[in-house]
Amino acid sequence: MKRLIISVLILATIVVTSIVTLSVFDSKNEQLISYIERTEELYKQNKTDLAEEELTRLNRFWSDYYNLVSYIVQSTKLEEVAQSVSKLKALMGKDEFLSECESIKYGIRLIYDSEFPYLHSIL
Amino acid sequence: MLIIFLRALILYVLVIFSVRLMGKRQIGELQPSELVITILVSNIATLPIEDINLPILTGIIPIISLVCFDVIMSAVTLKSKKVRKIVSGSPRIIVINGTIDQRAMKQLRYSLDDLMESLREQGIFDVTEVQYAIVETTGKVSVLQKKDYQPLTLDITENKNSASQNPPQVIIDDGVIIKKALNVLNLNDKWLNGILNKNKVKAKDVFLLSSDEDKNYTLIKKEY
């Protein structure tokens, strides 16, 4: 009976933790996307100094995000996005900057989708 | 390298904990479901050790989940005989009174070589010496020799007039009456009620009631 109770508690903990993790992951994704969109916006308005400041904030946020997400996501998937994030500063003023921003947004959405239990991901 | 070492250490502790959670039954004979869990756990544990790109949680979560499912399933099978039959199967008699049940052997995909090997392992070289041979759910063969071939014991000498050749049958299993066993032993409800009244107990409060053809019975009341 003791084992049964422990097992049920462990399973319940796993389910609750998974749901909480997924919602934290989702909110962190939204935050990251909003950082990228603000940077893009400032860049399009030619406010390069402000865009650079925003980019610094984005990089700081990214390192926290990376540490958190690496607990649940395969590191190779994250590395690809991390490489794109690290390129952003160097790409400022070049045509590829905006496309790199888009690819980061697409990458993190893809990572979230790969963790969300859609029927097609389960099957 | 240090990462792999630490991951191996974490998963080692986890697997030990998992085996302990599964209980002592795991160490002895494996039921089909336990065999599946053991194979799966050993396979899953190696993946995050070898591949450091995988988060260790991808190993920990499935191992813990599988073991918890197994513990819950064990509790369910303990309560329900039907579920136990589905999950673990049921023992099959393959030899009765020296005669091999070929249909049962075929259904179990059990060859004559397998049977003879199992008999030889128990020191029996002639199938006609066997009163009962039963393939257990673990795949092991349990054999009861005919009385004439059994080693001499004090019990046999004192009960030499006992006609019963067959092993006792379980009549009440954890409060559930097994009618089939009563029929096999040519006993009836009247006899069963007499036994229950004599022991001042209801069928649902009996953990085990077994009897042989000579109506020698064993009754164990439920304690929990």
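Start with helix H2 of chain A, residues 48-69. At 1.5 Å a residue, its 22 residues should span 32 Å, and its end C-alpha atoms are 30 Å apart, which agrees. The expected span is 1.5 Å times one less than the number of residues. Helices here are DSSP runs of H or I with at least four residues, strands are runs of E with at least two, and both are numbered from the N terminus.

This is a predicted model, in which local features need pLDDT of at least 70, side-chain atom pairs count only at pLDDT 80 or more, and totals for chains, interfaces and linings use all residues. Residues are numbered from 1 along each chain as its sequence is written, while chains are lettered from A and ligands numbered from 1 in the order in which they are written.

Stay with H2(A). Its buried residues are A:Ala51, A:Glu54, A:Leu55, A:Leu58, A:Trp62, A:Tyr65 and A:Val69. Seen down the helix axis, the buried residues of H2(A) fall within an arc of 105°, so they line one face. The arc is taken from the directions from the helix axis to the C-beta atoms. A residue is buried if 20 or more other C-beta atoms lie within 10 Å of its own, exposed if 12 or fewer, and partly exposed in between, with C-beta atoms placed from the backbone. The buried residues of H2(A) pack against helix H1 (2-44) and helix H3 (75-91) of chain A. The face turned away from the buried side carries exposed residues, including A:Asp49, A:Arg60 and A:Asn67.

Now turn to chain B. It has nine helices and eight strands. Of its 224 residues, 14% are buried. After H9(B) comes B:Lys200, whose phi is positive, near 50°.

Chain B also holds an open sheet of four strands. Their order is E2-E1-E3-E4, with antiparallel pairing. Strands pair if DSSP finds at least two bridges between them. Strand E2 (99-100) and strand E4 (141-145) of chain B stand at the edges with a single partner strand each, so one side of each is left without a neighbour in the sheet. Five bridges join strand E3 (residues 130-135) of chain B to E4(B). In one of them, B:Val135 has B:Val141 as its bridge partner.

Finally, the two chains meet. The contact takes 15 residues from chain A and 13 from chain B. Helix H3 (residues 57-79) of chain B gives the most to chain B's side, with eight residues. Residues are in contact if their C-beta atoms, placed from the backbone, lie within 7 Å.

Technical notes: Two residues are in contact if their C-beta atoms, placed from the backbone, lie within 7 Å.
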